[in-house]
Structure formats: C-alpha cells, structure tokens
Amino acid sequence: LTANEKEATINAMMEAKASGTMVSFDFSDPFLVECHKDEITNIVNNFADIVFANEEEARLFTGKGVSGAVRALSKKAKFVAVKLGKKGSIVAAGTTVKKIPIFKVDAVDTTGAGDLYAAGFLYGMVKKKPIDVCGKIASFTAGKVVAQYGAYFDYPIKKELRKYVNID
C-alpha cells in the first residue's frame, strides 16, 4: 500500500470504530505478516473486532501454536477464526473456543476459499448466530467454493446452506 492508501485505511477503521461499526481483518498472507508485522499489530491492537488468519499466519503473528495463537488473538479481538485447511478451523469469542469441522467435498480449486470462509462467517455474525454456527457457515461456504473451479457461485447456495445450518 502507498502511504495515502495506508492513511485512508486507518482513517476508515477509525471512523468505523467511532460509529460503533465492527472491523474485521484478515491477515491475508504469511508474507504480509512477516513484512508488515508492526502495522498489522497496530490494526489488531487498535481496530480489529474480528480477526481471520490461517494456521501459519497465526503462528507467525503470535509466535505460538494454534491453541496459544487463538488465546493470544482472543485477548485482542472479540472474535477470532483460525483456518486449519483440511483440519477445519477454530473459532473463538472471548473464552469460548469451538473446533469447526470441514464441510467435506472433493476439492478441485482452492481459489477463494479464505474469502468465502470470511464471507460465511460474517454472514453468520450479521444474522446474530452463535460463534460455532458462524464457523459452520464459514466452513460450508469455503467447502462449496473449493468443490468447483473459480471463486464465484453459478447458482444460489442459500437453500443448501439452510439444510446444513439452521439459518433464517
């Protein structure tokens, strides 16, 4: 990011926090965690209400294994989701920690898996679902996208989601 983009991003997060809007942050890439740890630490410490990371990103950021990383991140953000690939994910809200299984599919393309995981989780949050249900929705949406080529669904998945997780 350029200096102007960084400033705009920080200003947007400040405005969101000032208005009571929750801020979510995804570590996005282990390389970014290594290269921009100070900036990411600032975001996590001061702005992020919801943090998404994969196992390697969580380890690089906290210096801890999965369980320790979840605990450390939970002290900073209200909600934490650590994606473990084929091992599922771990979601946390405060001291409540839940292991979420994968939505089993034959994976053909992982493009969009992390983004769809976050989208599913945030959808559950908007619907005011418990943390484990948010995780199940996230697992479902990530699973559905890796079972196809490309990161976009050609059809609505809400009906299938309703069968998998009780949502309104």
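Reader: What describes the packing of helix H6 (residues 113-126) and helix H7 (residues 131-146)?

Author: H6 and H7 pack at an angle of about 145°, and their axes lie 7 Å apart. Axes are lines fitted to C-alpha atoms over the stretch in contact, and angles run from 0 to 180 degrees between N-to-C directions. The crossing is right-handed. This is a predicted model, in which local features need pLDDT of at least 70 and side-chain atom pairs pLDDT 80 or more, while totals for chains, interfaces and linings use all residues. Residues are numbered from 1 along each chain as its sequence is written, and side-chain values use heavy atoms, without hydrogens and water.

Reader: Which residues of H6 and H7 meet, and what classes do they belong to?

Author: Among them, Leu-116, Tyr-117, Gly-120 and Phe-121 of H6 and Cys-134, Ile-137, Ala-138 and Val-145 of H7 take part in the contact (heavy atoms within 4.5 Å). By class, the contact of H6 with H7 has 13 nonpolar, five polar and no charged residues, with Gly counted as polar and Tyr and Cys as nonpolar.

Reader: Why are the buried residues of helix H4 (residues 55-62) said to line one face?

Author: The buried residues of H4 are Glu-57, Ala-58, Phe-61 and Thr-62. Seen down the helix axis, they fall within an arc of 110°, so they line one face of H4. The buried residues of H4 pack against strands S1 (24-26), S2 (50-54) and S3 (79-83), and against helices H2 (30-35), H3 (37-46) and H5 (66-74).

Reader: What makes Asn-54 a cap of H4, and what follows the helix?

Author: A side-chain oxygen of Asn-54 lies 3.1 Å from the backbone nitrogen of Glu-56, at the N-terminal end of H4; a polar contact requires N or O atoms within 3.5 Å. H4 is followed by Gly-63, whose phi is positive, near 75°.

Reader: Why is Arg-59 called partly exposed?

Author: Arg-59, in H4, has a relative accessible area of 43% and is therefore partly exposed, as buried means under 20%, exposed over 50% and partly exposed in between (1.4 Å probe, protein chains only).

Reader: How do you know that Ser-74 counts as buried, and what does Ser-74 reach or touch?

Author: Ser-74 of H5 has 15% relative accessibility and therefore counts as buried. Its side chain reaches the backbone oxygen of Val-70 at 2.8 Å. Not counting residues up to four places away in sequence, Ser-74 touches Val-80, Ala-92 and Gly-94. The buried residues of H5 also include Val-66, Gly-68 and Leu-73, and their cover includes S2, H4 and S3.

Technical notes: Helices (H or I, at least four residues) and strands (E, at least two) are DSSP runs, numbered from the N terminus. The arc is that of the directions from the helix axis to the C-beta atoms. A polar contact is a pair of N or O atoms within 3.5 Å; within protein, one must be able to donate a hydrogen and the other to accept it, and residues adjacent in sequence count only if both atoms are side-chain atoms. A crossing is left-handed if the near helix is turned anticlockwise from the far one by less than a right angle, and right-handed if clockwise.
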